[in-house]
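Welcome! Have a look at the sequence and the structure below, and then let us walk through a few of the local features together.

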Amino acid sequence: MVVKKRRKVDEEELIFFEEEYEPSFNQASNQSDNSLLFLGGLIGLAGLTDVLGTLSPTELEGVRGTITEEAATSFEIPGIGEVSEFMPNADEAIGLIRDAENLSPNELSHLNQMMEEGKQYGRVSDPKTAENITFNNESRITEQIGQFGYHESSVQGNLDTAAMEGILFPWVTVGDENVCDDCLEMEANGPYPANNYPEAQHYGDRCNEPFPDPIIALPGDVEDENKYTFDEPLPTSLGFDKLDIKKSGLIGT
Amino acid sequence: MCDVCQNLKDKAVLEKDLYYKLLDEILLTKASTNDPDFKIDTEMGEGEATKDEKQYRQDLQDLIKQVWDKKDKLSDSKIKELIDKLFINEDSEGKQLVAEFITDIYTTNAESMIDKLRELGIKKKIPKDSEVLDALLAWQQFAVEKVGMELYYGIMNQRLGKTYFQVAYGSKEET
């Protein structure tokens, strides 16, 4: 009985502990864990290939031919297709790769840095390499900081000023062949009220630069700023009762 | 994954050839030790970056370049002083750059919107206190501070690693 009670207390503490964290923190933590797992796999591969790296091309081809003929296995990776394994003892590394179908540029550079640092500790790599990767990573991160900061300050300067005005703003993509489906969907579902305008869909999103002109959705002047929102009944004195915005189809879901 | 989105051009899909590629080309070849060039990527993201955005990004890059240019000549304590001055301190160059640029772009766009609304007969003023602007400034400044911290840790990691190998195994840096 005592043990049971204690376990219950522990479980409650665990749940409480997890709920204290922001979802983004948990996500980052999970990504970090995945990175470590993937790092282990890559270092394993590095070790294997380090051995192979001592072989001449002819010897390497000979080893590969023998292994692929005698010990090759193949399996299906969801979303990728059939993968042939020709290295012995590489099951673990392959399993980790199987779990990492998609990696963002940040994740890749992060993993690359971790791998180089790991190799550095094993003295496989020049410490200078890890430092260069650090600078290259920070340089790339700075690009994202700058792009995002410019985009958001530009958009929010407009939205913050026009918030709760009862007017709508379309979503305008840059209109070239590089626009992604998410942004096209945002454009198709617009316009949107200023106080419910969608966020940028991804890093590098330059939709709404420059910010689009407002669309008049409500008749009459609105001089009492920050008074009305679409979630509140709009005063009939300004003619707002003649337009049901949510039913008008002007606002996307 | 979107096949056409330019923003995703650097995303990687691990396909069946990756395993062979890792073995044949990537891991058998030592990772590039190329020095960073600190030039902005003009093809980053959708569309074309504005002149203001490019300048902001280049100014941020130049902060990192200052560390890069001086790191080999400075002691550990001097490196920390430099990074503090550029990234960490409340009045660091990076944080001042962020505050001035973000506020300026926000204000310029707010004024532009006020003009547009005025043409529609709607009178507005720039919000005296903007929670959104404050939050954006706080995040951008923290991001700059984080860059500084990671640069410092990267440099110190390299120095400590180099020292260890020299002490433990002699002067050679790699096996």
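## A pair of packed helices

Helices α4 and α5 of chain B are roughly antiparallel to each other, because the angle between them, about 150°, is over the 145 degrees that counts as roughly antiparallel. Please keep in mind that this is a predicted model.

Two packed helices are described by the angle between their axes and the distance between the axes.

Which residues of α4(B) and α5(B) make the contact? From α4(B) come B:Gly94, B:Lys95, B:Val98, B:Ala99, B:Ile102 and B:Tyr106. From α5(B) come B:Leu133, B:Leu136, B:Leu137, B:Gln140, B:Gln141, B:Val144 and B:Gly148. Sorted by type, the residues of this contact are eight nonpolar, four polar and one charged.

Stay with helix α5 of chain B for a moment, and find B:Asp134 in it. Is B:Asp134 buried or exposed? B:Asp134 counts as exposed because it has 10 C-beta neighbours inside 10 Å, and 12 or fewer is the cut-off for that label. In sequence, B:Asp134 and B:Thr103 are 31 residues apart, while in space their C-alpha atoms are 9.3 Å apart.

| Peptide bond | Form | Omega |
|---|---|---|
| A:Gly190 to A:Pro191 | cis | near 0° |
| A:Glu209 to A:Pro210 | cis | near -5° |

A:Pro191 sits in the loop that links α7 (181-189) with β5 (192-193) of chain A. A:Pro210 belongs to the loop between β5 and α8 (245-248) of chain A.

## Positive phi angles

The loop between β5 and α8 of chain A also holds A:Asn208. This residue is not a glycine, yet its phi is positive, about 65°. A:Asn208 is buried, because 25 other C-beta atoms lie within 10 Å and the label needs 20 or more.

You can find B:Phe38 in the loop between α1 (16-26) and α2 (51-70) of chain B. How many C-beta neighbours does B:Phe38 have inside 10 Å? There are 19, so B:Phe38 counts as partly exposed.

Conventions
Residues are numbered from 1 along each chain as its sequence is written. Chains are lettered from A and ligands numbered from 1 in the order in which they are written. This is a predicted model: local features need pLDDT of at least 70, side-chain atom pairs count only at pLDDT 80 or more; totals for chains, interfaces and linings use all residues. Axes are lines fitted to C-alpha atoms, for helices over the stretch in contact, and angles run from 0 to 180 degrees between N-to-C directions. Helices (H or I, at least four residues) and strands (E, at least two) are DSSP runs, numbered from the N terminus. Angles under 35 degrees count as roughly parallel, over 145 as roughly antiparallel, 65 to 115 as roughly perpendicular and the rest as oblique. Two residues are in contact if their C-beta atoms, placed from the backbone, lie within 7 Å. Ala, Val, Leu, Ile, Met, Phe, Trp, Tyr, Cys and Pro count as nonpolar, Asp, Glu, Lys and Arg as charged, and the others, Gly among them, as polar.
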